[in-house]
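Please look over the model shown here before reading on. The report is meant to be read beside it.

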Amino acid sequence: MIDNGLTNKAYKAGAYVRLSVEDENKDIESVSITNQRLFIKDYAVKNDIEIYDYYVDDGYSGGNFDRPGFKRLIEDIQKGIINCVITKDMSRLGREFIETGGYVFKYFPENDIRYIAILENYDTLKPNGMEDILPFKAVINDMYLKDISRKIKSVRHNKMKEGLFVGSTVPYGYKRSTDDSRKLVIDDYAAGVVRKIFEMKKDGSTNNMIARQLTNDGVLPPDVYKRKKLNKFTITTNIWKASSIKTILTNEAYIGNLIQGKYERISLKSKKKRLLPRSEWIIKKGALPLIVSKELFEKVNMSKRKTDTRFRQYDYLLKGLVVCADCGKTMLVRRNKNYTIYLCRTYATYRNKVCSMHYYREDILNAVILKEIRDVLIKYSSFEMLVSKYRYLITNICLEENYEKDLKLLKNKVTIIDKAISELYKDRANNVIEFNEFSCIKKELEKDREEYVIKKKSLQTLLEKSKTVLFNENTELKWINEFLKFEILDKKIIKMLIDKIEINQDKSIKIWFNFNVRQVSNE
């Protein structure tokens, strides 16, 4: 046997153990975390392998590799701390066929990692034919994972159809029943807030107005009330948002409809979800106690649809570029009968609780920006460079080529007429046509020829004149000055030139260009 040096290599192993929720539900002792640890430890002792550490993922599915224990294992491989990975069987590493196979047959070999799956009797150091069978076991594990997923989904859907709540986030205004966590009952305090929101909307308040009123009244927003964001406190944590009001006003739970199954994962191997059409949602009417009447719910949402309808859209020149200098938020556009303004988004939402009043007239700002860009071009542009650019462009606009196409066409037409007249003389000499007919045709041909010759001469004159005019110093000066003193802004060019425009409370303006002013002016 040839000694390749591998058999004498010292191995420091990472013992990877995993237990999923599905495994826990089976209550099978053989796959418990403790059992896996002992099993791998016994194997390592018998085979003289040092275990550096145990990498544990308790309660994580084998369907993907987004697991903390596994990530730490890979990090230690990258650092060179371990050079061997041991699992009780390959399904502990993962049940998803493609990615599991990628680690076993590609990643581990490329990084010189010895991999051992004990129950499969698979060891990359000691090939025994199992490497040919292992891919089939990976496929079986993948099929098992899909089967488990389908069964879980089926069970969840059946519970949804029965009107049981299987979600993680309880709608604001409800709470889980102490008798059965899958049933929801009314949370008196939150339900009172929901009723107030609907009444305020019915009376004509906008979502922003309702949000500000609740904030001023000291009512905690839904996430804070449910104690979800206590560890992520910010200046806006205790402030209601218009988006939260909109969510509440459109939630059919408040008229007793429990809607679940609105989303589904794109695939078993992806965490991304897509919204299903309403026809596929699982809707159980009357599953929840009512918080507002159906009449009030429909009235509020009907008026909402009317007020939200927009009959005209405006494409404002600087929209998206204007920001508040204090909070950094992009400013909103607000119209009235007389003019349009840019208004601080944060102030519009929260008033002085977060930011102060920042605004600017849209038409005046456009004029200011136009003048600023024009001044920058005039101040930093090199006249010699602009003359050079002008001459380069004029030289390369293919002026002669465009005229030559028309000239060539006219020359061809004159040639064709000359040939036709020549053939006409031959036909007359051979008595093919009568003299009167000959004279008539000849006269028409000569008339056409004379017309084309005149057009050709005019075109040649125009070409020479154009060259003279375009390359004239007065023309150069005129075009360059018009460029530097342009009067109309183009939105596409503006976005290329400007990164953002900051508006201060005192209406002072700061423009952030996308470039070095002097360099780009020259270009």
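The sections below cover the basis of the model, a sheet, a helix pair and the aromatic rings.

## Basis of the model

This is a predicted model, in which local features need pLDDT of at least 70 and side-chain atom pairs count only at pLDDT 80 or more, whereas totals for chains, interfaces and linings use all residues. Residues are numbered from 1 along each chain as its sequence is written, and side-chain values use heavy atoms, with hydrogens and water left out.

## A three-stranded sheet

Three strands, in the order β12-β16-β17, form an open sheet with mixed pairing; strands here are DSSP runs (E, at least two residues) numbered from the N terminus, and two of them pair if DSSP finds at least two bridges between them. The edge strands, each pairing on one side only, are β12 (322-324) and β17 (509-513), and the twist from one strand to the next averages 30 degrees.

Strand β16 (residues 498-503) pairs with β17 in the antiparallel sense over five bridges, and Ile-501 stands opposite Ile-511 in β17.

## Helices α7 and α10

Two packed helices are described by the angle between their axes and the distance between the axes. Helix α7 (residues 188-202) and helix α10 (residues 242-249), both DSSP runs (H or I, at least four residues), pack at an angle of about 95 degrees with their axes 10 Å apart; the axes are lines fitted to C-alpha atoms over the stretch in contact, and angles run from 0 to 180 degrees between N-to-C directions. The two helices, α7 and α10, are therefore roughly perpendicular to each other (65 to 115 degrees).

In the contact (heavy atoms within 4.5 Å), Val-194, Ile-197, Phe-198 and Lys-201 of α7 meet Ile-245, Ile-248 and Leu-249 of α10. These residues divide into six nonpolar, no polar and one charged, where Val, Ile, Leu and Phe are among those counted as nonpolar and Lys is among the charged.

## Aromatic pairs

The structure holds 15 aromatic pairs, meaning rings of Phe, Tyr and Trp (its six-membered ring) whose centres lie within 6.5 Å, with planes under 30 degrees apart counted as stacked, over 60 as edge-to-face and the rest as tilted. The rings of Phe-198 and Tyr-254 have their centres 6.3 Å apart and their planes at 75 degrees, so this pair is edge-to-face. It links distant parts of the chain, since Phe-198 lies in helix α7 and Tyr-254 in the loop between α10 and β8 (258-260), 56 residues apart. Phe-198 is buried at a relative accessible area of 0%, and Tyr-254 counts as buried at 1% (buried means under 20% relative accessible area, with a 1.4 Å probe and protein chains only).

Notes
Angles under 35 degrees count as roughly parallel, over 145 as roughly antiparallel, 65 to 115 as roughly perpendicular and the rest as oblique. Buried means under 20% relative accessible area, exposed over 50%, partly exposed in between (1.4 Å probe, protein chains only).
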